[in-house]
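Please read the numbered points with the sequence and the model at hand.

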Amino acid sequence: MARSRPRVWLVAGCAAVLLWASVAQLVAVGRLLLLFGLAGDADPSPPPSALQPPRIYKSNGYLKISCNGGLNQMRSEICDMVAVARLLNLTMVVPELDKRSFWADQSNFGDIFDVRHFIDSLRDEVHIIKQLPEKLGPGDSDIIILEMPPVSWSDEKYYLHQILPLFSKYSVIHFNKTDARLANNGISTELQLLRCRVNFHALKFTPQIEGLGNKLVHKLRAKGSFVALHLRYEMDMLAFSGCNHGLSPEEAEELKKMRYAYPWWRDKEIDSQAKRSQGLCPLTPEEASLVLKALGFQKDALIYIAAGEIYGGDRRLEPLRAAFPNLVRKEMLLDSEVLRQFQNHSSQMAALDFIVSTASDVFIPTFDGNMAKLVEGHRRFLGFRRSVVLDRRKLVELLDLYTNKTISWDNFASSVREAHKNRVAQPSCRRKLENRPKEEDYFYANPHECLANSTLCS
């Protein structure tokens with residue numbers, strides 16, 4: 001009996017270790033599933049994990065930022081400004097979101113993103129606070145807050161030599177515009193990796209948004225594989241771009257008046273036909289239906305429309321629905337009562353479309369705006385999920401030839417497939433153009449420093 005007792009304890013100990021390891025592995029797998037939206041209707045909140053120790057540094061001052069634009073533009077801005085705060089050793093205030101743009105969305109940061117996760121997950125890089133200390137508030141007449149927009153497409157030298165010295169005079173600097181204020185390229189690998197860390201890990205949607213987004217994905221997957229079509233044919237897009245192909249004269253005039261009503265939309269007189277021929281207009285729903293058919297998608301394909309309200313409503317969608325009857329939107333898949341809390345909040349609705357688009361079997365944007373670029377980047381990060389980047393300039397040429405009956409359907413379809421055989425997102429290095437940053441490949445569409453193939457571009 002004395003000899004067998006140690007064996008019993010040994011067996012029990014081994015069993016306990018194996019059980020603990022199994023549980024730990026299940027927890028880890030579960031967290032990955034939840035992180036990437038693969039857990040269906042499961043609770044999107046991961047189990048608590050040990051926090052990294054906070055980074056200890058002498059803060060040079062406080063950085064406030066006010067984002068501008070839609071959800072995905074603001075997302076990239078937040079990533080950029082965290083990198084700037086880290087570079088300059090600043091204390092960052094939780095970002096303010098745009099409430100004055102066309103969408104008039106009153107959502108705060110905490111209505112879309114998990115504030116505590118954002119702060120805690122970056123504590124080893126940047127000290128982030130929810131609001132400025134009272135002593136630095138507007139009631140203190142001795143405190144002067146400098147409000148300014150940083151220069152667009154700036155590199156580290158600009159922030160170190162032009163911005164950092166300002167903190168010797170001001171305790172707080174408020175960046176009141178943050179779109180495209182950090183360069184795509186020429187940034188240290190350390191800061192590029194931080195931008196990715198913020199984008200892919202720190203900016204976690206609230207449990208309510210994640211839960212509903214995962215529910216949408218679960219409902220779609222229950223029907224089979226599906227395509228997320230980012231149909232950028234909303235009123236604001238058409239008004240801003242000046243694209244009126246396929247619209248009535250009355251509709252074109254309505255959009256023109258809207259463009260003039262917003263002073264920050266600088267383009268006024270726009271040649272829509274010339275812009276379309278250059279590939280600078282979003283595809284119409286009818287054009288999108290022809291392109292999808294030419295790419296080989298069958299009539300029974302399940303297509304999720306990731307977009308806001310389509311200009312012209314159901315009437316405008318009819319050609320696309322006729323070609324693909326299994327056309328669905330979030331409003332068709334979710335109970336209206338469930339969606340009520342998100343309605344009139346365009347950024348929260350866009351977050352749901354972002355989750356679905358990231359998880360879809362195929363992602364096809366009809367315009368290369370901010371959402372298209374950020375979803376492409378996320379899909380690259382998740383293992384190069386299939387994203388088709390349309391060559392709109394070539395497509396417009398082919399579409400006009402087909403609609404004018406200059407070429408046959410077979411010729412049109414084969415030409416579309418040939419033009420896009422190499423336009424599926426795959427490992428590649430960003431295109432760099434000296435002194436032309438706006439024309440470079442966008443960092444968030446291809447953050448190659450943070451992907452598995454990063455050594456190819458070093």
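1. In what follows, Ala, Val, Leu, Ile, Met, Phe, Trp, Tyr, Cys and Pro count as nonpolar, Asp, Glu, Lys and Arg as charged, and the others, Gly among them, as polar. The model is predicted: local features need pLDDT of at least 70, side-chain atom pairs count only at pLDDT 80 or more, and totals for chains, interfaces and linings use all residues. Residues are numbered from 1 along each chain as its sequence is written, and side-chain values use heavy atoms, with hydrogens and water left out.

2. The chain contains 18 helices and 10 strands; these are DSSP runs numbered from the N terminus, helices being H or I with at least four residues and strands E with at least two. Of its 458 residues, 49% are buried, where buried means under 20% relative accessible area, exposed over 50% and partly exposed in between (1.4 Å probe, protein chains only).

3. The largest nonpolar core has 79 residues, and Phe118 and Phe175 touch the most other members. Such a core is a set of buried Ala, Val, Leu, Ile, Met, Phe, Trp, Tyr and Cys residues joined through side-chain atoms within 4.5 Å. Helix α2 (residues 71–88) gives the most to this core, with 10 residues. Because domain 1 (62–202) and domain 2 (207–457) both give residues to this core, it lies between them; the domain bounds come from an automatic or database domain assignment.

4. Beyond its neighbours within four places in sequence, Phe175 is in contact with residues including Leu63, Ile65, Met81, Val84 and Tyr159, contact meaning heavy atoms within 4.5 Å. A second, separate core of 39 residues includes Ala239, Leu283, Ile310 and Leu320.

5. Is Val126 buried or exposed? Val126 counts as buried because its relative accessibility is 1%. This residue is found in the loop between α4 (115–121) and β3 (127–129). Apart from neighbours within four places in sequence, Val126 is in contact with Tyr57, Val82, Ala85, Arg86, Leu90 and Met92. Val126 and Tyr57 are 69 residues apart in sequence, with their C-alpha atoms 9.0 Å apart in space.

6. The lining of the second largest cavity has 7 nonpolar, 3 polar and 2 charged residues. Among them are Tyr233, Cys243, His245, Arg276, Leu283 and Glu287. A cavity is a set of points, on a 1 Å grid over the protein atoms alone, where a 1.4 Å probe fits but cannot get out; lining residues have an atom within 4 Å of a point.

How values were computed. 1 Å grid on protein atoms, 1.4 Å probe; cavity = no way out; pocket = protein on both sides within 12 Å on 5 of 7 lines; lining within 4 Å.
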